[in-house]
Amino acid sequence: MKRKTFLQSLGLGLTAAGASRLMAGQLSLPEFNSTRPDDYWQALKAGFDLQPGYRYFNAGGLGPSLRAVREVGSVVAAELEAIVDTGHDRQGPVRERAAVFLGCTPEEVAFVRNATEANGIVAGGLPLQAGDEVIFESHAHPGGSFPWMLQAERRGVAVRLFEPDIKNPAGNLERIQALVTDRTRVVQISHVTAPTGVHLPAEEIARFCRDRGLWFHIDGAQSAGMIPVNFSSLGCDSYATSGHKWLGAPRETGLLLVKRDRQESLRSTMAGAYSGDLFDLPGPIAYYPGAMRYEYGTRDNARIVGLGAAMDWQDRIGRERIEAHGRRLAARVHAGLESIPDTEVLSPTEPSLRTAMVSFRTPKMTYEDMFSALRRNHGCRCRPVSERGLDAVRISCHVFNTADDIDFLLAAIEQEVKSA
Ligand SMILES: Cc1ncc(COP(=O)(O)O)c(C=O)c1O
């Protein structure tokens, strides 16, 4: 019997229905009332185990998981320990769940550890030669830029950077177009940029890349779980994300999505058990027909089940509701900062470019001092932004944040700026 079929035949463990029951028992939420939205978010916040008095504004760095999500993971981990099994068969239902959640087919889903690994598979797996060019934004996170700088070192790929246009959405495509040459092979964007939370216009860029025959890769580390993502309508060739940020899934649950008809053009960068079959050694690897070909080796499948549970939770809350909540709180941050003297907001004001993240700076304090003071003096955890000399502090607004949290944070910022 093939290894995979044998594992699937075991068919043991926590079923999807069992997981839903387990999760539903963990947290009861009030009916959402749009005139009193914070009752709902306050109740949801109780489902997280944040230290009392700690206000967390860094979902864009690392998101906390709902207790209910961790509980599912630990039940599965205990089941797998009891029979000393990898639980590889648990991946199938989560792959299907992820496909529905992200608007693709199960054959387009690969489980990886994080967005960096997914970006690295794309950068390392495309057939590029010295002098071939990739374009991405100058604000790319190291998880998006380093994979390409590695290819620059190893294969002589040339990197071209565009500055995100935070005033005019169409300006982003224009800046990419201005960099395209006959050596351009790949365009990559962060769906939402890490330093200042700009929502780049992916669909328009995808149309342009398709017409020009360029591979279009989206680094979605900051989008899945913050805004609804539909891989098929984005129109890109590949999409990378991390479960452990906005999705609130366990750490090391990343995803790489690759269009089914583009998988033959993207070679695996690592291979081993679960990548395919190898009938005769030495001999060719018969890669699985699907994005599973990019997977290899033993994984912590209890975490992957936890990823599915996190997606269930997002759907239970409602992804449009999550997006609207994040944007509402971010707008409150934005407006609040505008009324605090000596602060400058670096995130866009243009509505279509705005997200649940806002970055700001003050000439009165270094970004490191502001970040530390907010944490030490007020228990507010934000994220320091050192990239590109921006010297800012980033505030991420997510489901465990309320309007009260934002007002507390704004008061803390004002006090720190005044006393600097
Ligand atoms: C746009 C972007 N890409 C990649 C990463 C790296 O994510 P991970 O550490 O999960 O690989 C981040 C992390 O913040 C990010 O914001």
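This is a predicted model: local features need pLDDT of at least 70, side-chain atom pairs count only at pLDDT 80 or more; totals for chains, interfaces and linings use all residues.
The protein chain is assigned two domains, domain 1 covering residues 88-314 and domain 2 covering residues 319-419. Taken over C-alpha atoms, the centres of domain 1 and domain 2 lie 28 Å apart. Where the two domains touch, domain 1 contributes 16 residues and domain 2 contributes 23 residues. On the domain 1 side of this contact, nine residues are nonpolar, six are polar and one is charged.

Turning to the strands, seven of them form an open sheet with mixed pairing, and the order across the sheet is β2-β8-β7-β6-β5-β3-β4. At the edges sit β2 (109-112) and β4 (158-162), each of which pairs on one side only. On average, neighbouring strands of this sheet are turned by 20° against each other, direction ignored.

Helix α6 (residues 115-125) and helix α7 (residues 142-155) have axes that come within 8 Å and cross at roughly 30°. Because angles under 35 degrees count as roughly parallel, α6 is roughly parallel to α7. The crossing of α6 past α7 is right-handed. From α6, the contact is made by Ala 115, Thr 116, Asn 119, Gly 120, Ala 123 and Gly 124, and these meet Gly 143, Gly 144, Pro 147, Trp 148, Leu 150 and Gln 151 of α7. Five of the residues in this contact are nonpolar and seven are polar, with no charged residues.

Note on methods: Residues are numbered from 1 along each chain as its sequence is written. Domain bounds come from an automatic or database domain assignment. Two residues are in contact if their C-beta atoms, placed from the backbone, lie within 7 Å. Ala, Val, Leu, Ile, Met, Phe, Trp, Tyr, Cys and Pro count as nonpolar, Asp, Glu, Lys and Arg as charged, and the others, Gly among them, as polar. Two strands pair if DSSP finds at least two bridges between them. Helices (H or I, at least four residues) and strands (E, at least two) are DSSP runs, numbered from the N terminus. Axes are lines fitted to C-alpha atoms, for helices over the stretch in contact, and angles run from 0 to 180 degrees between N-to-C directions. Angles under 35 degrees count as roughly parallel, over 145 as roughly antiparallel, 65 to 115 as roughly perpendicular and the rest as oblique. A crossing is left-handed if the near helix is turned anticlockwise from the far one by less than a right angle, and right-handed if clockwise.
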